[in-house]
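User: I should like to learn how to read the features of a protein model. Please take me through some of them, one by one.

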Amino acid sequence: MMNSPETFFLPETDSTNDWLRQHAGAEDCVVWTDFQTAGRGQGTNTWESERGKNLLFSILHHPCDVAASRQFVISMAISLALCDTLSQHIGGVSIKWPNDIYWNNAKIAGILIENRLHGSKIRESVIGVGLNVNQEEFRGDAPNPVSLIQIHGMPTDRASLLEDILRNFYQRMEQPSALHAAYMQLLYRRRGYHPYCDADGAFMAEIENVEKSGHLLLRDDNGRQRRYAFKQVQFVI
């Protein structure tokens with residue numbers, strides 16, 4: 001496994017992803033912060049986080065020979081790394097496609113990945129993570145947040161969590177052929193029929209597969225296969 005990347009701590013920044021893109025060089029590195037003034041999730045979503053309570057960080061990673069068409073391996077690796085780490089503290093952890101981390105039916109972490117390409121390969125990947133750790137109350141409009149302290153009642157050292165996540169991420173990236181099976185095993189709602197909603201309305205379906213491209217394959221209760229890219233289908237929770 002590679003040596004641990006250089007890690008920077010900022011008391012406050014606009015966005016750890018943005019900071020890395022502006023300041024990082026050719027080597028892997030990590031930045032984490034107590035507070036983001038412009039922290040964001042996927043698309044137009046924002047990430048609620050009380051100052052100094054949660055783990056907000058981004059990894060600048062230069063993957064070795066990962067084709068743009070296979071960039072979902074990075075999403076699987078960081079999702080699994082978070083599950084690996086959280087499972088040392090709590091049970092009931094899963095991955096809600098494509099890369100939200102859930103405890104039972106509540107969201108404990110979100111991931112935002114921004115890749116830069118060079119030809120047909122990924123040149124660098126900026127992986128942003130927001131993990132709810134020591135925040136005891138959420139006042140925003142997110143439907144189902146949860147934190148470690150709400151689950152097990154004890155504060156958790158954020159720096160130690162970050163070290164464990166980084167170690168697990170690089171270990172996962174060293175075994176790309178094992179990622180898909182491990183990801184599928186930890187997938188939220190992996191078994192049985194559950195409610196979903198797409199542009200045509202609500203339906204019941206089971207997860208059939210997640211393609212190596214990251215597309216979700218569902219089979220509805222009429223036997224029809226449905227294929228989705230991210231944001232094309234919603235889990236009804």
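User: Where does Asn132 lie?

Analyst: The model is a predicted one. In it, Asn132 lies in the loop between β7 and α3.

User: How does one check the length of a helix, and what does α4 span?

Analyst: The expected span is 1.5 Å times one less than the number of residues. Helix α4 runs over residues 158-173 and has 16 residues, so it should span 22 Å; the C-alpha atoms at its ends are 22 Å apart, which agrees. At the N-terminal end, Asp157 caps α4, with a side-chain oxygen 3.4 Å from the backbone nitrogen of Ala159.

User: Which residues of α4 are buried, and what covers them?

Analyst: The buried residues of α4 include Arg158, Leu161, Leu162, Asp164, Ile165 and Leu166. Asn168, Phe169, Tyr170 and Met173 are also buried in α4. The cover over these buried residues includes the strands β1 (6-10), β2 (29-33), β3 and β7 (121-131), together with α2 and α3 (148-152).

User: Asn168 is a polar member of that list. With which residues is Asn168 in contact?

Analyst: Asn168 lies in helix α4 and is buried, with a relative accessible area of 8%. Leaving aside its neighbours within four places in sequence, Asn168 is in contact with Ala81, Asp84, Thr85 and Gln88.

User: Let us turn to strands. In which sense do β1 and β2 pair, parallel or antiparallel?

Analyst: β1 and β2 pair in the parallel sense, over 5 bridges. Together with helix α1 (residues 16-23), β1 and β2 make a right-handed β-α-β unit.

User: What joins β4 to β5?

Analyst: A hairpin joins β4 to β5 through 3 residues. These strands pair in the antiparallel sense over 4 bridges, and Val93 stands opposite Trp103 in β5. The side chains of β4 may be read by direction: Val93 and Ile95 point one way, Ser94 and Lys96 the other way, and all are buried.

User: Which loops hold Asp65 and Asn104?

Analyst: Asp65, in the loop between β3 (55-61) and α2 (72-86), has a positive phi of about 60° although it is not a glycine. Asp65 is exposed, with a relative accessible area of 58%. Asn104, in the loop between β5 and β6 (106-118), has a phi near 55°, likewise a positive value in a residue other than glycine. Asn104 is partly exposed, at a relative accessible area of 43%.

User: What is the strand order of the open sheet of 5 strands?

Analyst: The order is β11-β10-β9-β8-β12, with antiparallel pairing. β11 (225-228) and β12 (234-235) stand at the edges with a single partner strand each, so one side of each is left without a neighbour in the sheet. Within the sheet, β8 (residues 194-198) and β9 (residues 201-210) pair over 5 bridges. Pro195 stands opposite Met204 in β9.

User: How many aromatic pairs does the structure hold, and how is such a pair described?

Analyst: A pair of aromatic rings is described by the distance of the centres and the angle of the planes. The structure holds 10 aromatic pairs. One of them, Phe203 and Tyr228, is stacked, at 6.4 Å centre to centre and 15° between the planes. Phe203 lies in strand β9 and Tyr228 in strand β11, so the pair ties together parts that are 25 residues apart in sequence. Both Phe203 and Tyr228 are buried. Ring pairs link Phe203 and Tyr228 into a cluster with Tyr102, Tyr188, Tyr196 and Phe235.

Definitions and conventions
Residues are numbered from 1 along each chain as its sequence is written. This is a predicted model: local features need pLDDT of at least 70, side-chain atom pairs count only at pLDDT 80 or more; totals for chains, interfaces and linings use all residues. Side-chain values use heavy atoms; hydrogens and water are left out. Two strands pair if DSSP finds at least two bridges between them. Helices (H or I, at least four residues) and strands (E, at least two) are DSSP runs, numbered from the N terminus. Buried means under 20% relative accessible area, exposed over 50%, partly exposed in between (1.4 Å probe, protein chains only). Contact means heavy atoms within 4.5 Å. A polar contact is a pair of N or O atoms within 3.5 Å; within protein, one must be able to donate a hydrogen and the other to accept it, and residues adjacent in sequence count only if both atoms are side-chain atoms. A crossover is right-handed if, with the strands pointing away from the viewer, the path from the first strand over the helix to the second runs clockwise. Rings of Phe, Tyr and Trp (its six-membered ring) pair if their centres lie within 6.5 Å; planes under 30 degrees apart count as stacked, over 60 as edge-to-face and the rest as tilted.
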